[in-house]
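Please keep the sequence and the model at hand while reading.

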Amino acid sequence: MKYTRTFLASLAASVLLAAPVAAETELTVYTAVEAEDLKRYAEKFNESNPDIKINWVRDSTGIITAKLLAERDNPQADAIWGLAATSLLLLKSEGMLEPYAPAGVDKLDKKFVDGDNPPAWVGMDAWVASVCYNTVEAEKAGLKPPTSWKDLTDPMYAGHVIMPNPNSSGTGFLDVSSWLQMFGEEGGWEYMDALHENIARYTHSGSKPCKLAAAGEIPIGVSFAFRGAKSKAAGAPLEIIVPSEGVGWDMEASAIVAGTANAEAAQKLLDFSVTKEANEMYNTGYAVVAYPGVAKPVEHFPEGLLDAMIDNDFEFAANNRAAILKEWQSRYDGKSEAK
Amino acid sequence: MSVLDTTPDTMPAGPEIKPKLSRDDIIMRGGMIVIALYLLITLAFPLWAMLSKSFSTYQFDLSQYEFQISDDAGVFDGAILTGTELNARTKVYDTSDLAGSSDSRLGVTKFFPDFSFRSPVHYKIRNSVEGGRFLVGSKLYNTLDWLELDSNNFRRVQLRPVKSTGISNFVSYFSTPALFNSIKNSLLIAAISTVITVSLAFWFAYALNRSCMRFKGVFRLIAMMPILVPSLLPGIALVYLFGNQGMLKGLLFGASIYGPIGIVIGSVFFTFPHAFLIISTALAISDSRLYEAATSLRSTPWRTFWTVTVPGARYGLISATFVVFNLVITDFGLPKVIGGQFNVLAVDIYKQVIGQQNFEMGAVVSVVLVIPAILAFAIDRIVQSKQVALLSARSVPYAPSPNTRTDRIFLVYSSLVALFIVGLLAVCQFAALVKFWPYDLSLSLNNYQFDKMDGGGWGSYFNSIELALLTAVIGTSVVFFGAYLVEKTNGFRVGRSLFQMFAMLPMAIPGMVLGLAYIFFFNSPSNPLNFIYGTMAILVICTVTHFYTVSHLTAVTALKQMDREFEAVASSLKQPTMKLFARVTVPVCLPAILDISIYLFVNAMTTVSAVVFLYSPKTTLASIAVLNMDDAGDIAPAAAMGMMIFYTNAAARILHLFASKGILKRTQAWRTR
């Protein structure tokens, strides 16, 4: 048995060694970027790095994070390209990220780079909370468009609002953490208590509220701007509202997984991920990118979104995540049915 | 001495004569051990891993940390305080605060009542033992070196918990009302759905077996349709019917379909065929003489019904009740799609694991969910074992006589049930073809462009077919061979009954639980089978194990019909058992083998719960795609994919029908003699 295994191993090794010297490096990259964008990203990267082949492992933010954490003792990924910064902070606190300062990282907006030197992760682009408002259904129900988060607690909207459950959705969590930052700990929970009275239900995913609003299933969906713009482009009677108090956001970021055998290739990937051309590439979907001066307006994106982005404290969000979710669950998760 | 003690009229006990094991016996026992090992590895070990995970806790161990505090000038006097001492002095954290999850953090500034982030006081902190961990911000420190921090940075220090074992996960589960409310919710909807489904299915089966209404064949076909779709598909249909933009929204009188109402209606839909099949079998056999006796005793039809019909079908009714109850309480897809804020156990597992990465709590909920499932299963088995034959050799099979009035009532009733089933499926198909409900009702195939959606695109559909075919072929071989060994081996009683027990176990284990258990067992780096994690192989193994019991019972029933003399004859003719197995047993049991394979195929196409934790980006499945597309809000494409599963399964069924007709003609001719 043992001999068989050694034999197989040596066989595998000889196959690897026999491969041409200029063999391309294969890089396992975990990502939560939309499936339709991945091919484009890889092609662009290969224009300057033809010898590195990316093997994508893609899933939603929650699942990829769970997967990385589950593989803590036996990491399968070489690098991460496009995962929520709050998730990367969790991984960083587990010591799973290899700090590296990519060439040209100093050109990025400071907000988008990890505070440590060298940084454990570098940002790519931001996705920003917004309210999707279905004008047709709202008119039928006799609603006026809200202009602020506080407006949403008006009894007029009772049963007309859907938001994602922060326990399962990253978007839901960024909403909750932004309210706690904007209104203060106490004020934030008071606000959510009031909002809870108007919520029809909490969805599992962050894009669903906006899609439901687009389909007229509910007049108001708390979601993110990118999703709203897409649905609007598809012809849904949507208005994307940026609440006046400011909006929460999270960024997509990249990092090297500690202990990777392909450190050099992973560094090249990170070098590329901060370049101007990479940021131009992110801009096709995201209005806000890490490289200043690159972003061109995205069609159907609401005005004033950039200015409304709050000064997000990611450290607060990551370190209090478990406690916030526990509190949220005890307040709203089962209680809504016990009424 | 001993000679005197021996009573003269009995012979001394000679050595026990053991028949020598023949080569055949060795092969048979070896085979049985192999399959028992398979069940051990794919069922018992993962469940054990899950159970131990539920007792794996995370605890803040304050004795692992040491602190120093300076005076206002930033000078340390060298006094070292441990976390335990500080907590004893300030009493800020009690035991329940120190229990956490893998993701918990604990701030330290509360240990110092005078703490202010503006003060000039400096602090030092270190781990006093290897394995201690703390963060400053999100930077991890796990060495034994002292770290000096100013007040402003000291407030960013967060302690991390260490692994230990204990029951604190269960304590925290039962002290979180949001979580244990789900137990009540799950039991409630399972009970309501069971009562409704069993009543509906009973009268439907009664109409088909005990009346002379027309179109029985059509009704029988329609009743089986829900088996061909994932359990979450009726949920999607209900959104289109009764959602806020629903076609029949008015029928709910303002109540919301998102919640218990939706779960119950959907559960009735997907459990109906199971209840119908069981009750129909029970009603099909009945002794006509009992009814004649009742008539001659001038019993009213009502009384006859309660004293003859219902008692005759009682085992079927009980069995149907527990099967439906189990299906509903362990189902995950439907409450996820239409449950709204109504939390149930199966969805809680998903939320804990996928949403919060809290694997330990997921394991706790799993353990809680297994209890009612095993209870229902055990009661059912006990009742079944008491069942005695209703039909004796002298029985006269009951034949219904036409009765225009009741036949018409039954026809109307059955049509309504059929309308419910066909209606929900038709709504799904309609939803899949509409361009943009409810604003643009023109028809298009846009929703079939799965590659533009979440869930893996068309690739996931073909993966599903691959999984279904592999499951059917491998599963049928393993199950049938295993059943043969158990049924036809001589002796080795302990091994055989142990095997029987293992084979019954999967029925009682909810799919979600099995899937989660597989993560714990197969994803552990120390497991030599770790390499199958994330491959098609683990999906096949999981699905075969999940649906093992029913397949096993089907095989055993078929094998019981074959006389054991075959084996005796074969051995007297010096033919190896394996030859007999291949040349006689398999051909004779071909109908059962085909039934098992189609059962496994259909279930592999529709299963969600067992594989939702196990699929990888390369092995996405159609049924999971339905779930993920609905999750992302792409409800119409989800309906479209769901209907693709339906058509595929329907086609497989038709193919199975023709195949079995053709093969049966060749292999089963002896039956018609």
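## Basis of the description

Helices (H or I, at least four residues) and strands (E, at least two) are DSSP runs, numbered from the N terminus. Residues are numbered from 1 along each chain as its sequence is written, while chains are lettered from A and ligands numbered from 1 in the order in which they are written. This is a predicted model, in which local features need a pLDDT of at least 70 and side-chain atom pairs count only at pLDDT 80 or more, whereas totals for chains, interfaces and linings use all residues.

For the complex, the predictor gives an ipTM of 0.79 and a pTM of 0.85. The average pLDDT of chain B is 88, and 96% of its residues score at least 70; pLDDT is the predictor's confidence in each residue, from 0 to 100.

## Overall build of chain A

Chain A contains 14 helices and 11 strands. Its radius of gyration is 22 Å, close to the 20 Å that the globule rule gives for 339 residues, so chain A is as compact as a globular protein of that length; the radius is taken over C-alpha atoms, and the rule is 2.2 Å times the number of residues to the power 0.38. The C-alpha trace of chain A spans about 75 × 45 × 35 Å along its principal axes.

Of the 339 residues in chain A, 52% are buried. A residue is buried if 20 or more other C-beta atoms lie within 10 Å of its own, exposed if 12 or fewer, and partly exposed in between, with C-beta atoms placed from the backbone. Among the contacts in chain A with a separation of 6 or more, 75% are made by residues 24 or more positions apart, where two residues are in contact if their C-beta atoms, placed from the backbone, lie within 7 Å.

## Two domains of chain A

Chain A is divided into domain 1 (2–126 + 250–299) and domain 2 (127–249 + 310–338), with bounds that come from an automatic or database domain assignment. The C-alpha centres of domain 1 and domain 2 of chain A lie 30 Å apart, and the contact takes 14 residues from domain 1 and 13 residues from domain 2. On the domain 1 side, helix 3 and helix 4 of chain A are the elements that give two or more residues, and helix 4 gives the most, with 4 residues. The residues of this domain 1 side divide into 8 nonpolar, 4 polar and 2 charged; Ala, Val, Leu, Ile, Met, Phe, Trp, Tyr, Cys and Pro count as nonpolar, Asp, Glu, Lys and Arg as charged, and the others, Gly among them, as polar.

Helix 3 (residues 61–70) of chain A is largely enclosed by the rest of the structure, because 7 of its 10 residues are buried. The buried residues are A:Thr61, A:Gly62, A:Ile64, A:Thr65, A:Ala66, A:Lys67 and A:Leu68. Their cover includes strand 1 (25–31), strand 3 (79–84), helix 4 (85–93) and helix 6 (170–198) of chain A, together with helix 15 (345–355) of chain B.

The contact between the chains takes 49 residues from chain A and 41 residues from chain B. On the side of chain A that touches chain B, the residues divide into 16 nonpolar, 17 polar and 16 charged.

## A sheet in chain B

In chain B, 4 strands form an open sheet in the order 5-10-7-8, and the pairing is antiparallel; two strands pair if DSSP finds at least two bridges between them. Strand 5 (106–107) and strand 8 (139–141) of chain B are the edge strands, each pairing on one side only. Strand 7 (residues 134–136) of chain B pairs with strand 8 over 3 bridges in the antiparallel sense, and B:Val136 stands opposite B:Lys139 in strand 8.

## Backbone details and single residues

A cis peptide bond joins A:Asn117 and A:Pro118, with omega about -5°, and A:Pro118 is found in the loop between strand 4 (97–98) and strand 5 (122–134) of chain A. The peptide bond from B:Trp437 to B:Pro438 is also cis, with omega near -5°; B:Pro438 lies in the loop between strand 12 (434–436) and strand 13 (440–443) of chain B.

B:Lys91, in the loop between helix 3 (83–90) and helix 4 (95–98) of chain B, has a positive phi near 55° although it is a residue other than glycine, and it is exposed, with 8 other C-beta atoms within 10 Å. B:Phe215 has a positive phi near 60° and lies in the loop between helix 7 (177–210) and helix 8 (216–224) of chain B, where it counts as partly exposed, with 14 C-beta neighbours inside 10 Å. B:Lys560, in helix 22 (residues 548–560) of chain B, is exposed, with 11 other C-beta atoms within 10 Å.
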